[in-house]
Amino acid sequence: CGVDTCFTNPGTSEMHFVAALDQVPGIRCVLALFEGVASGAADGYARMSERPAATLFHCGPGLGNALANLHNARRACVPLVNIVGDQAVRQRPLDPPLTADTEGFARPVSCWVKTCEDTAALGAEAALAVRAALTAPGGVATLILPADTSWNPGGVVAAPLPAPAHPPLDPHSLEQAAAMLRNGKRTLLLLAGRALLERGLRTAAGIAARTGAQIMAETFNTRMQRGQGRPTIPCVPYVVPTAVETLAAFEQIILVGAKDPVGFFAYPDQPGRVAPPAARIHILARPEHDPEAALAALAEDLGAQPQAGEKRETPPLPAKDAPFTPANIGQTLAALLPEGAIIVDESISSRDPLVKALAGAAPHDHLCMMGGAIGEGLPLATGAAVGAPGRKVYGLQADGSALYTVQALWTQAREKLDCVTLVLSNRKYAILQYELKKVGAKAGQTALDMLSLDRPDMDWIRLAEGFGVEAARTDNTARLADLLREAAKRPGPFLIELCL
């Protein structure tokens, strides 16, 4: 069915699958030391290869360890075939220790769940799982295999099933969108999904030039193509008052694969929706539609031609004595970023100045954590490197969230992946200190201690080297530039701790 990569941390119930890797050629199996690394890596792989990977987990508890990044993958609408071993059918009534409600664990993160107890049906069920994962907009399909399903005789290899086509665009919706763009009102095209790849961006830029509309992207996006020669569009701000202020001028918002914009959290005395209450919200394309085709049809109706981005000078390096801030770190990276690089962004509190600085970099892909469950940055970079060999992956990684899945560094070393991790080390959960103030909670020393990462300070150099990844540390942009040049020339993973 075209699935040739598996990210895994297997156990006893999966040993027949593991043995089959030697018997059936064509599957690359990537070992992770923790299931959350495997699930996050499968997400990154799917984003860059545009094909599903498989995961392989050990019973309900192993699946439980993977759930946070399966949640992120579900929100990213990526195809993923999730295979979970389970107790043998005859063993389950005995209630051994690993017995769990594996289907119950899987359902909230899956678009399709099936336990196969019939060996003869297993091949057909696997083909159905792949088709479900590939059904637009893409999702996690979970196939649960009791151990005896794998060891019993009678298995049959099944033929691949074609993935369903995107549902057709509603002609009335297209007509209404075109009319809105002709009525002279202040209009926003809000993009998500494949509308943020280069062809969609250029089409949207042409529509904006033709009609006077503005273009924005959702706050966080599965994959956005940015950099020189591509239209640069802002994202809806994360901070609710800023988002409300940014969108206040629009009388109409047309959604292209995007959702009605809402705040990431609720706050006292702040709205949940950030669009103006009186604004007309119109859906041109839902996530399951083809947003690139929707934009092309809209452009044809309006007589709009695709437009490339403005030509800009590559940002210069900051002055040698420039302060070591996220903005100057971003400018340094932008000046030295190789063409075709992949940015994996889990920078969190440093995100806005970093992302803004990268707008003028060489053409690159920008990947964000989509479900809000922190700890996906390192696994996402790992999977992106597997899914796009030959392209350098740069991880912008907050130190606190990196610790959730730091084991991903070992997989990067073992697989010799071209991942450069920039750890933004401020030794605190800075985003939570911000959130503490925004929700109006009064904090004493005990609360503040829960948001700090000192006493003791973590040594990222020793952590990385312990997993087999060479590392260095800096607190100035000149040294950072030297380290980035060095990292660009060498294959394999490298970690740079940025002491803020």
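Mentor: Start with a definition: on a 1 Å grid over the protein atoms alone, a cavity is a set of points where a 1.4 Å probe fits but cannot get out, and lining residues have an atom within 4 Å of a point. Grid points are joined across faces, edges and corners, and a volume is the space filled by probe spheres set on the points. The model is predicted: local features need pLDDT of at least 70, side-chain atom pairs count only at pLDDT 80 or more, and totals for chains, interfaces and linings use all residues. Residues are numbered from 1 along each chain as its sequence is written, and side-chain values use heavy atoms, with hydrogens and water left out.

Trainee: What volume does the largest cavity have?

Mentor: The whole structure was searched, and 3 cavities of 30 Å³ or more turned up. The volume of the largest is about 50 Å³.

Trainee: Which strand gives the largest share of its lining?

Mentor: Strands here are DSSP runs (E, at least two residues), numbered from the N terminus. The lining includes Met224, Gln225 and Arg226. The largest share, 3 residues, comes from residues 224–226, strand β9.

Trainee: Which residues line the second largest cavity?

Mentor: This cavity holds about 40 Å³ of space. Its lining residues are Thr219, Asn221, Met224, Arg226, Cys235, Arg351, Val355, His366 and Cys368.

Terms used
1 Å grid on protein atoms, 1.4 Å probe; cavity = no way out; pocket = protein on both sides within 12 Å on 5 of 7 lines; lining within 4 Å. Helix = DSSP H or I, 4+ residues; strand = E, 2+ residues; numbered from the N terminus.
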